[in-house]
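Q: I'm new to this one and would like to learn how to read it. Could you walk me through it, feature by feature?

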Amino acid sequence: MLNEDVLTYVESLIPERPQYVEQIEEFALKHDVPIMEKSGIEVLLLLLTMQQPKKIFEIGTAIGYSAIRMALSLPNTHIVTVELDEERYKQATIHIKELGLENRIKIFLGDALLLSDDISKHGPFDAFFIDATKAKYSKFFDLYEPMLTKDGIIYTDNVLFKGTVARDRSELKTRRQRTLVRKLDEYNRMLFSKEGYTSTMIPVGDGLAVTRRKEV
């Protein structure tokens with residue numbers, strides 16, 4: 001993970017975002033809604049801009065921040081996204097409509113593990129972005145991996161989880177924390193050992209994993 005001085009320096013180099021983007025960032029801060037850290041989303045957007053996916057599937061809409069950032073950076077891309085929390089879903093819908101992006105961002109309300117039939121109607125997808133319940137990352141991967149195009153890429157956020165995956169789990173205060181970190185560590189190890197795939201991990205934001213099929 002980047003130390004605080006380096007992180008502050010890197011974030012100081014990031015250009016100002018449009019006003020409406022900064023307003024969503026302020027809303028997230030005020031209402032304690034987790035969104036991607038500034039350095040993390042800049043790297044994600046750069047990678048997506050190089051990839052130029054036609055369709056993206058996002059698990060974990062929250063208030064629509066990352067879906068909106070992706071849509072604004074990729075004007076020819078359509079995004080399907082799913083959110084479990086109803087209040088966040090409603091707020092995401094408001095943000096998406098305010099920016100006139102409802103024709104390019106399709107948002108579902110519900111558990112992604114139960115909506116695969118509905119999601120599949122909008123696939124296949126050139127990119128997945130996983131940023132939801134950390135303990136379910138492996139289940140998300142297994143369920144939706146078949147909907148990935150041949151040259152598709154899977155991006156996973158929070159894979160370092162504030163550095164806890166690299167620490168002794170006995171240092172964690174609760175059983176729930178230890179279980180979550182164990183499952184996230186298992187997911188990371190699965191990514192790097194998954195047959196037919198190659199992965200890397202970028203220590204920006206809260207850790208971003210990038211996974212793609214190996215060339216045959």
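Q: By class, what sort of residues make up the lining of the largest pocket?
A: The general idea first: rolling a probe the size of a water molecule over the atoms shows where empty space is left. Here we're looking at a predicted model, and its largest pocket has a lining of 19 nonpolar, eleven polar and 16 charged residues.

Q: How many residues line the largest pocket, and which lie nearest its centre?
A: There are 46 lining residues. Pro34, Arg88, Asp131, Lys134 and Asn158 are the ones nearest the centre. As for the space inside, the largest pocket holds about 1300 Å³.

Q: Which element gives the largest share of that lining?
A: That's H8, with six residues. Helix H8 (175-193) is among the elements that each supply at least two lining residues, and so are helix H2 (19-30), helix H3 (38-51), helix H4 (65-73) and strand S2 (78-83).

Q: Next, helix packing. At what angle do H3 and H4 pack?
A: To read a helix pair, look at the angle and the distance between the axes, then at the residues that touch. For H3 and H4 the angle is about 40°, and the axes are 10 Å apart. The crossing of H3 past H4 is right-handed.

Q: Which residues meet there?
A: On the H3 side you'll find Ile41, Glu42, Leu45, Leu48 and Thr49, and they meet Tyr65, Ser66, Arg69, Met70 and Ser73 of H4. Sorted by class, this contact has five nonpolar, three polar and two charged residues.

Q: And H2 with H4: roughly parallel or roughly antiparallel?
A: Check the angle again. The axes of H2 and H4 cross at roughly 165° and come within 11 Å. Anything over 145 degrees counts as roughly antiparallel, and H2 and H4 are therefore roughly antiparallel to each other. H2 makes a left-handed crossing past H4.

Q: Which residues of H2 and H4 meet?
A: Tyr20, Val21, Ile24 and Glu25 come from H2, while H4 brings Tyr65, Ile68, Arg69 and Leu72.

Q: How far apart are the axes of H7 and H8?
A: They're 8 Å apart, with helix H7 (residues 137-144) packing on H8 at an angle of about 40°. That makes H7 oblique to H8. In this pair, Tyr137, Ser138 and Phe141 of H7 meet Leu184, Tyr187, Met190 and Leu191 of H8. The contact has six nonpolar residues, one polar and no charged ones.

Q: Let's turn to the backbone. What is the peptide bond from Gly123 to Pro124, cis or trans?
A: The angle to read for a peptide bond is omega. For the bond from Gly123 to Pro124, omega is near 0°, and the bond is cis. You'll find Pro124 in the loop between helix H6 (116-120) and strand S4 (125-130).

Q: What about phi at Ala62, positive or negative?
A: Phi is another backbone angle worth a look. Ala62 isn't a glycine, yet its phi is positive, at about 55°. Look for Ala62 in the loop between strand S1 (55-59) and H4.

Terms used:
Residues are numbered from 1 along each chain as its sequence is written. This is a predicted model: local features need pLDDT of at least 70, side-chain atom pairs count only at pLDDT 80 or more; totals for chains, interfaces and linings use all residues. Side-chain values use heavy atoms; hydrogens and water are left out. On a 1 Å grid over the protein atoms alone, a cavity is a set of points where a 1.4 Å probe fits but cannot get out, and a pocket is an open set with protein on both sides within 12 Å along at least five of seven lines; lining residues have an atom within 4 Å of a point. Grid points are joined across faces, edges and corners, and a volume is the space filled by probe spheres set on the points. Helices (H or I, at least four residues) and strands (E, at least two) are DSSP runs, numbered from the N terminus. Ala, Val, Leu, Ile, Met, Phe, Trp, Tyr, Cys and Pro count as nonpolar, Asp, Glu, Lys and Arg as charged, and the others, Gly among them, as polar. Axes are lines fitted to C-alpha atoms, for helices over the stretch in contact, and angles run from 0 to 180 degrees between N-to-C directions. A crossing is left-handed if the near helix is turned anticlockwise from the far one by less than a right angle, and right-handed if clockwise. Contact means heavy atoms within 4.5 Å. Angles under 35 degrees count as roughly parallel, over 145 as roughly antiparallel, 65 to 115 as roughly perpendicular and the rest as oblique.
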